[in-house]
Amino acid sequence: MKIGTQDQAFFPKDILEKFKFIKACGFESYEIDGKLLVENVEAVKQAIKETGLPVVTACNGYDGWIGDFIEERRLNGIHQIAEILKALQEVGGKGIVIPAAWGMFTYRLPPMVSPRSKEGDYQAVSESLRYLDKIAEETGTKVYLEPLNRYQDHMINLLSDARHYIDTNQLKNVQIIADFYHMNIEEDDISKALTQQKDYVGHIHLADNHRYQPGSGSIDFIRHFKTLLQNNYEGYMVYECRLRGENEAEVYQESLRYLKNCLAEAGSTSESQ
């Protein structure tokens, strides 16, 4: 398993310098913003060539959710996601992370009554995924469907919810992205959920229980890394977190060292059994 990162505010703005900085920090991939990729494909190609740091995945960078309440916005979103998948193909990337929606509605806060039925939710998300599944097949990429916690999305909260969409729509190029922060809120047991859906999990997002950097909270990363190793997970794990601490660059490096130690310990205990 390899560890990558999304962008952070203290990273360089220049694309090549950003790649150099991320690699120097010790990360093994860069999860790029989709819009940044589409608008700078050639610069990204050059940065990959010069640094050897791969762009494996994209996240964000489009307008309109795949489960958007507004149909025009949903269609605009999936067409933009399709362009990101095509750009990922150009740079050798694997796929894009997408939730059903983020911050659009939650049953946990007023008004607590959705403007659309659950059947309407299912239809909208399914239509989007079937379209993107075809684009992913054409581009040799994947769509990583992300369950979010109940306060940020009302449609897909558990890994099993994401699996339901994949199975019922017979999607061949859609996998689950498992985010430790969201799973800490929604799943009864992170490791159990990872094992139950091990044949569907194709990507991982990392943060601690409060969405800050790993190692600053209460999640047992050694246990869950051991589970991933036992499940023969061979994909990437990517930082998606806020930072807590006075020196952001310093705490980020400390967190990466911590996670690499967790991964090494999980590997050693797994081999000894």
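Visitor: How do the residues lining the second largest pocket divide by class?

Guide: That lining has four nonpolar, two polar and three charged residues. Ala, Val, Leu, Ile, Met, Phe, Trp, Tyr, Cys and Pro count as nonpolar, Asp, Glu, Lys and Arg as charged, and the others, Gly among them, as polar. This is a predicted model, in which local features need pLDDT of at least 70 and side-chain atom pairs count only at pLDDT 80 or more, while totals for chains, interfaces and linings use all residues. Residues are numbered from 1 along each chain as its sequence is written, and side-chain values use heavy atoms, with hydrogens and water left out.

Visitor: Which residues line the second largest pocket?

Guide: Tyr107, Lys118, Asp121, Tyr122, His154, Met155, Asp161, His164 and Tyr165 do. Helix H5 (118-139) and helix H6 (159-168) are the elements giving two or more residues to this lining. Helices here are DSSP runs (H or I, at least four residues), numbered from the N terminus.

Visitor: Why is Thr51 called buried?

Guide: Buried means under 20% relative accessible area (1.4 Å probe, protein chains only). Thr51 has 10% relative accessibility, so Thr51 counts as buried. Thr51 lies in helix H3 (residues 41-51).

Visitor: What does Thr51 touch, not counting residues up to four places away in sequence?

Guide: Thr51 touches Leu16, Phe19, Lys20 and Lys23; contact means heavy atoms within 4.5 Å.

Visitor: What does the side chain of Thr51 reach at 3.1 Å?

Guide: The side chain of Thr51 reaches the backbone nitrogen of Leu53.

Key
On a 1 Å grid over the protein atoms alone, a cavity is a set of points where a 1.4 Å probe fits but cannot get out, and a pocket is an open set with protein on both sides within 12 Å along at least five of seven lines; lining residues have an atom within 4 Å of a point. Buried means under 20% relative accessible area, exposed over 50%, partly exposed in between (1.4 Å probe, protein chains only). A polar contact is a pair of N or O atoms within 3.5 Å; within protein, one must be able to donate a hydrogen and the other to accept it, and residues adjacent in sequence count only if both atoms are side-chain atoms.
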